[in-house]
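Here is a quick tour for anyone opening this structure for the first time. Keep the sequence and the 3D view side by side as you read.

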Amino acid sequence: MKIEIVPSILSADAGRLTEQVKEAESAGADRIQVDVMDGHFVPNLTFGPLVVEVVRRATSLPVEAHLMVERPERFLEEFAKAGATLIEVQVEATTSLYRTVQTIKELGARAGVAINPATPVDDLREILPYIDLVNVMTVEPGFGGQKFIPHSPEKLRRLRAMSTDVEIEVDGGIDARTAPLVVAAGATVLVAGNSVYGYKGGIAAGIKAIRDAVD
Ligand code: DX5
């Protein structure tokens, strides 16, 4: 199973975003993730559809919009129009997850659901057959550069036991040390912010360090 590395732009230099995205693509990134935060669902305020458009224009890679926002159903059309190829919503942030997932797919994007560290994977049982990806948050969402939550691999194993088809993505604290742990537990899509854009040796070296750790 191919392991995909997905730099998230939260830790990138926003003043040079196009350049930073292109650098990640040249270094072998598989997708780019835009960490959308509304200051309500998480205590941070970041990007909207305009930034997804910037990323869309900067790369031919798939662009994921991770909506860490209350009632994400309000914004699906804008993010799809901005060019997101996959839209992921937090299971905790909507009371109409089935309809939200259907709408994402009707808009022509792939559908993902993200779950926070304290949310049980069992909460996904009924929606699993309808989604392309689950993002298992391996930190409490809101900021880059946080510490990987140690119980995450056992949570990943429980999810993988529920579905062998769904893509399992992880997000938060993923680097050369933690990447092998999550891949061994069933993750195949690795979101990496600080370990790529904050890597002392630069973006390409950051991606290579993770790639080498899981190959
Ligand atoms: C939620 C953010 C982060 C970011 C990756 O807090 O969405 O998870 O993508 O963060 P790091 O820097 O830990 O890879």
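This is a predicted model: local features need pLDDT of at least 70, side-chain atom pairs count only at pLDDT 80 or more; totals for chains, interfaces and linings use all residues.

Let's begin with strand 3, which covers residues 63–68. How many of its six residues are buried? Six of the six are, so the strand is mostly covered. In a regular strand the side chains alternate between the two faces of the sheet. Here both faces are covered: one side has Val63, Ala65 and Leu67, the other has Glu64, His66 and Met68, and all are buried.

On one flank, strand 3 pairs with strand 2 through six bridges, and the two run parallel. You can find Ile32 standing opposite Val63 of strand 3. To get from strand 2 to strand 3, the chain goes through helix 2 (residues 49–58), making a right-handed β-α-β crossover. Strand 3 is also joined to strand 4 by four bridges, again with the strands running parallel. In that pairing, Glu64 has Leu86 of strand 4 as its bridge partner. Here the chain passes through helix 3 on its way from strand 3 to strand 4, and this β-α-β crossover is right-handed too.

Strand 4 joins strand 5 through five bridges, and the pair runs parallel. Look for Ile87, whose bridge partner in strand 5 is Ala111. Together with helix 4, these two strands make a right-handed β-α-β unit.

Is strand 5 enclosed or open? Five of its six residues are buried, so the strand is largely enclosed by the rest of the structure. Strand 5 also connects to strand 6 (residues 133–137) by four bridges, and those strands run parallel. One spot to check is Gly112, which has Leu133 of strand 6 as its bridge partner.

## The two sides of helix 4

Helix 4 spans residues 97–106, and its buried residues are Leu97, Thr100, Val101 and Ile104. Why do they sit on the same side of the helix? They cover an arc of only 95° around the axis, which puts them there.

The buried residues of helix 4 pack against helix 3 (76–82), strand 4 (86–90) and strand 5 (110–115). Turn the view around, and the face away from that buried side shows the exposed residues Arg99 and Glu106. Just after helix 4 comes Gly108, with a positive phi of about 90°.

## Helix 8

Helix 8 takes in residues 203–214, twelve in total. From its first C-alpha to its last it reaches 17 Å, close to the 16 Å expected at 1.5 Å a residue.

Its buried residues are Ile203, Gly206, Ile207, Ala209, Ile210, Arg211 and Val214. What do they pack against? The list runs to strand 1 (4–7), helix 1 (17–26), helix 6 (179–184), strand 8 (189–192) and helix 7 (194–197).

## Charged pairs across the chain

Side chains of opposite charge can pair when their charged atoms come close. The count of salt bridges in this model comes to 13. One of them is between Glu4 and Arg31, whose closest N and O atoms are 2.9 Å apart. This pair links distant parts of the chain: Glu4 is in strand 1 and Arg31 is in the loop between helix 1 and strand 2, 27 residues apart. Glu4 counts as buried at 18% relative accessibility, and Arg31 is buried at 4%.

Another salt bridge brings Asp30 and Arg211 together, at 3.1 Å from N to O. Asp30 lies in the loop between helix 1 and strand 2 and Arg211 in helix 8, so the pair ties together parts 181 residues apart in sequence. Asp30 and Arg211 are both buried.

Then there is Glu167 with Arg110, where the closest N and O atoms are 3.2 Å apart. Glu167 is in strand 7 (residues 167–171) and Arg110 is in strand 5, 57 residues apart. Glu167 is buried, with a relative accessible area of 17%, while Arg110 is partly exposed at 33%. To finish, see how Glu4, Arg31, Glu64, Arg110 and Glu167 are linked in a network of salt bridges.

Conventions
Residues are numbered from 1 along each chain as its sequence is written. Side-chain values use heavy atoms; hydrogens and water are left out. Buried means under 20% relative accessible area, exposed over 50%, partly exposed in between (1.4 Å probe, protein chains only). The arc is that of the directions from the helix axis to the C-beta atoms. Contact means heavy atoms within 4.5 Å. The expected span of a helix is 1.5 Å times one less than its number of residues. Two strands pair if DSSP finds at least two bridges between them. A crossover is right-handed if, with the strands pointing away from the viewer, the path from the first strand over the helix to the second runs clockwise. A salt bridge is a side-chain nitrogen of Lys or Arg within 4 Å of a carboxyl oxygen of Asp or Glu.
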